[in-house]
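Here is a short report on one protein model. Look at the sequence and the structure first, then read on.

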Amino acid sequence: MVGVSGCAGIVSGSPEQVVKERAQARWDALVKGDVKTAYGYLSPGTRAVTTLKTYETSVSKGFWKSANVGKVECRNTDNCEVSGTIRYTFQGQEISTPFRETWIKSESEWWYVPR
């Protein structure tokens with residue numbers, strides 16, 4: 001299992017602030033092609049069934065050009081929905097598209113849960 005040092009530090013603030021920072025950090029890692037760091041933001045349950053190698057094969061390095069986490073809505077104390085916009089190049093054209101993702105609180109930290 002890959003450690004999550006550097007991305008699991010204690011951050012004070014509202015759940016929305018904490019999740020927004022972590023979600024943006026995960027997207028920043030993906031944009032940079034740093035799959036190992038992005039993997040560290042996956043929930044413990046996801047990492048238990050998805051190896052880093054498997055995750056690396058599912059990620060298209062260099063695909064995303066930028067990402068902006070816009071809004072975080074927490075339904076309760078341990079579940080938040082994140083929305084934002086990603087930009088990528090497809091067939092020579094730059095495209096912006098919205099995204100939505102789920103984050104959960106587990107083991108006193110917020111984690112991304114892929115759908």
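Trp103 and Tyr112 are both buried. Buried means under 20% relative accessible area, exposed means over 50%, and partly exposed lies in between (1.4 Å probe, protein chains only). The two residues also form a tilted aromatic pair, with 5.9 Å from centre to centre and 45 degrees between the planes.

This is a predicted model: local features need pLDDT of at least 70, side-chain atom pairs count only at pLDDT 80 or more, and totals for chains, interfaces and linings use all residues. Residues are numbered from 1 along each chain as its sequence is written, and side-chain values use heavy atoms, with hydrogens and water left out.

**Overall layout**

The protein has 4 helices and 4 strands. Along the sequence the pattern reads α-α-α-α-β-β-β-β. Helices (H or I, at least four residues) and strands (E, at least two) are DSSP runs, numbered from the N terminus. Of the 115 residues, 40% count as buried. The accessible surface comes to about 6,700 Å², and 49% of that belongs to carbon and sulfur atoms. Those areas come from the Shrake-Rupley method with a 1.4 Å probe; for residues, only the protein chains shown count as cover.

Contact means heavy atoms within 4.5 Å. Among contacts with a separation of 6 or more, 49% are between residues 24 or more positions apart.

**The core**

The largest nonpolar core has 25 residues. Such a core is a set of buried Ala, Val, Leu, Ile, Met, Phe, Trp, Tyr and Cys residues joined through side-chain atoms within 4.5 Å. Val19, Trp27, Leu30, Tyr55, Val69, Val82 and Trp103 touch the most other members. The elements that each give two or more residues are α1 (15-32), α2 (35-39), α4 (52-58), β1 (64-76), β2 (79-90), β3 (93-106) and β4 (109-113). Helix α1 gives the most, with 6 residues.

Which residues does Val19 contact, leaving aside its neighbours within four places in sequence? They are Val72, Cys80, Val82, Trp103 and Trp110.

Ser83 sits in strand β2. Ser83 is buried, at a relative accessible area of 17%. Beyond its neighbours within four places in sequence, Ser83 contacts Val69, Gly70, Lys71, Phe99 and Arg100.

**Salt bridges**

There are 7 salt bridges in the structure. A salt bridge is a side-chain nitrogen of Lys or Arg within 4 Å of a carboxyl oxygen of Asp or Glu. The table lists some of them.

| Residues | N to O distance |
|---|---|
| Glu81 and Arg100 | 3.8 Å |
| Glu81 and Arg115 | 2.6 Å |
| Arg87 and Glu94 | 2.7 Å |

Glu81 is buried, with a relative accessible area of 6%. Arg115, in contrast, is exposed at 69%. Arg75, Glu81, Arg100 and Arg115 are linked in a network of salt bridges. In the pair with Glu94, Arg87 counts as partly exposed, at 32% relative accessibility.

**Aromatic rings**

A pair of aromatic rings is described by the distance of the centres and the angle of the planes. Rings of Phe, Tyr and Trp (its six-membered ring) pair if their centres lie within 6.5 Å; planes under 30 degrees apart count as stacked, over 60 as edge-to-face and the rest as tilted. The structure holds 7 aromatic pairs.

Why is the Trp27 and Trp64 pair edge-to-face? The ring centres are 5.6 Å apart and the planes stand at 85 degrees, so the pair is edge-to-face. Trp27 belongs to helix α1 and Trp64 to strand β1, 37 residues apart, so the pair links distant parts of the chain. Trp27 is buried at 7% relative accessibility. Trp64 is buried too, at 16%. Trp27, Phe63, Trp64, Tyr88 and Phe99 form one aromatic cluster.

**Charges over rings**

A charge sits over a ring if NZ of Lys or CZ of Arg is within 6 Å of the ring centre and within 35 degrees of the ring normal. The charged end of Arg22 sits over the ring of Trp111, 5.1 Å from its centre. Arg26 lies over the face of Trp27, at 5.0 Å from the ring centre.
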